[in-house]
Amino acid sequence: MTYVFQFGSVLDAFPSLLRGALLTLELSAGAMVLGLALAIAGAFAKTAGPRWLRLLVSIYVEAIRNTPFLVQLFLIYFALPGAGIRLDATTAALLAMVVNLAAYAIEIVRAGIEAVPYGQVEAGRALGLRPVHIFRFVILFPAVKTVYPALAAQFILLMLGSSVVAAISTEDLTGIANSLQSRTFRSFETYFVVTLMYLGMTLAFQGLFAALYWYVFRRNRPVEGLI
């Protein structure tokens with residue numbers, strides 16, 4: 001039996017796929033920003049906070065990292081309404097992505113913090129800086145620079161993993177693709193095009209992260225030998 005490729009129906013629906021890709025990018029970018037902010041706060045709490053706070057952060061990290069993202073998504077979208085908290089599919093997807101990313105990013109940022117030479121921290125203390133100021137001005141920048149490649153890789157994994165949110169009828173790229181396939185029955189053509197679109201978004205994110213690394217960390221790097 002010879003399969004006849006027919007991309008016409010997929011190309012006709014390409015504007016819908018682009019709309020889904022845009023939502024995927026919006027969810028991913030929002031989750032990256034919010035998740036990183038939460039991760040930095042969690043890493044600070046885990047390295048410099050009181051014991052009870054370190055314990056709470058550790059429980060959160062272990063609970064998220066040892067349960068499936070799909071189950072976390074279902075918990076937020078289907079279970080929270082039982083507690084009186086109702087979220088639409090897009091908001092629930094964003095919240096689930098932020099919660100999931102932050103748990104992994106906390107450990108990445110914590111590793112970067114622990115890689116900062118202790119002498120820098122002692123110098124900050126000698127200058128009379130408060131712990132929050134030491135963390136902000138002495139530790140955070142070199143810590144993030146050290147783990148930047150790992151964070152960028154985690155961000156890309158988040159974007160690729162966002163396809164799971166289609167399970168709660170979010171109209172992201174995968175959700176639109178599933179609807180298109182169910183109407184046209186052109187499975188190969190639909191998911192082939194979607195694969196290329198995800199590949200394009202991944203390469204775009206890689207280029208963006210590389211540009212950000214150069215702009216933030218490399219552009220203002222001191223010339224070796226001068227300091």
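Select helix H3 (residues 51–65) and H5 in this predicted model. Their crossing is left-handed (the near helix is turned anticlockwise from the far one by less than a right angle; clockwise would be right-handed). The two helices pack at an angle of about 115°, with axes 9 Å apart. Axes here are lines fitted to C-alpha atoms over the stretch in contact, and angles run from 0 to 180 degrees between N-to-C directions. Helices are DSSP runs (H or I, at least four residues), numbered from the N terminus.

Now show the side chains between them. H3 contributes Val 57, Tyr 60, Val 61, Ile 64 and Arg 65. From H5 come Val 98, Val 99, Asn 100, Ala 102, Ala 103, Tyr 104, Ile 106 and Glu 107. Contact means heavy atoms within 4.5 Å. By class, this contact has 10 nonpolar, one polar and two charged residues (nonpolar: Ala, Val, Leu, Ile, Met, Phe, Trp, Tyr, Cys and Pro; charged: Asp, Glu, Lys and Arg; polar: the others, Gly among them).

Stay on Glu 107. Its side chain meets that of Lys 46 in a salt bridge, 2.5 Å from N to O (a side-chain nitrogen of Lys or Arg within 4 Å of a carboxyl oxygen of Asp or Glu). Glu 107 lies in helix H5 (residues 89–115) and Lys 46 in helix H2, so the pair ties together parts 61 residues apart in sequence. Both Glu 107 and Lys 46 are buried (under 20% relative accessible area; exposed is over 50%, partly exposed in between; 1.4 Å probe, protein chains only).

Move along H5 to Glu 114 and Arg 110. Their side chains form a salt bridge at 2.9 Å, N to O. The two are four residues apart in the helix, so about one helical turn separates them. Glu 114 counts as exposed, at 55% relative accessibility.

Next, pick Glu 189 and Arg 186. This salt bridge has its closest N and O atoms 2.9 Å apart. Glu 189 is buried at 0% relative accessibility, and Arg 186 is buried at 16%. Shared partners join Lys 46, Glu 107, Arg 110 and Glu 114 into one salt-bridge network. The whole structure holds five salt bridges.

Finish with H2 (residues 14–48) and H7 (residues 131–161). Their axes come within 10 Å and cross at roughly 145°. The crossing is right-handed. Contact residues include Met 32, Leu 36 and Phe 44 of H2 and Phe 135, Leu 151 and Phe 155 of H7. The class count is 13 nonpolar, two polar and no charged residues.

Residues are numbered from 1 along each chain as its sequence is written. Local features need pLDDT of at least 70, side-chain atom pairs count only at pLDDT 80 or more, totals for chains, interfaces and linings use all residues, and side-chain values use heavy atoms, with hydrogens and water left out.
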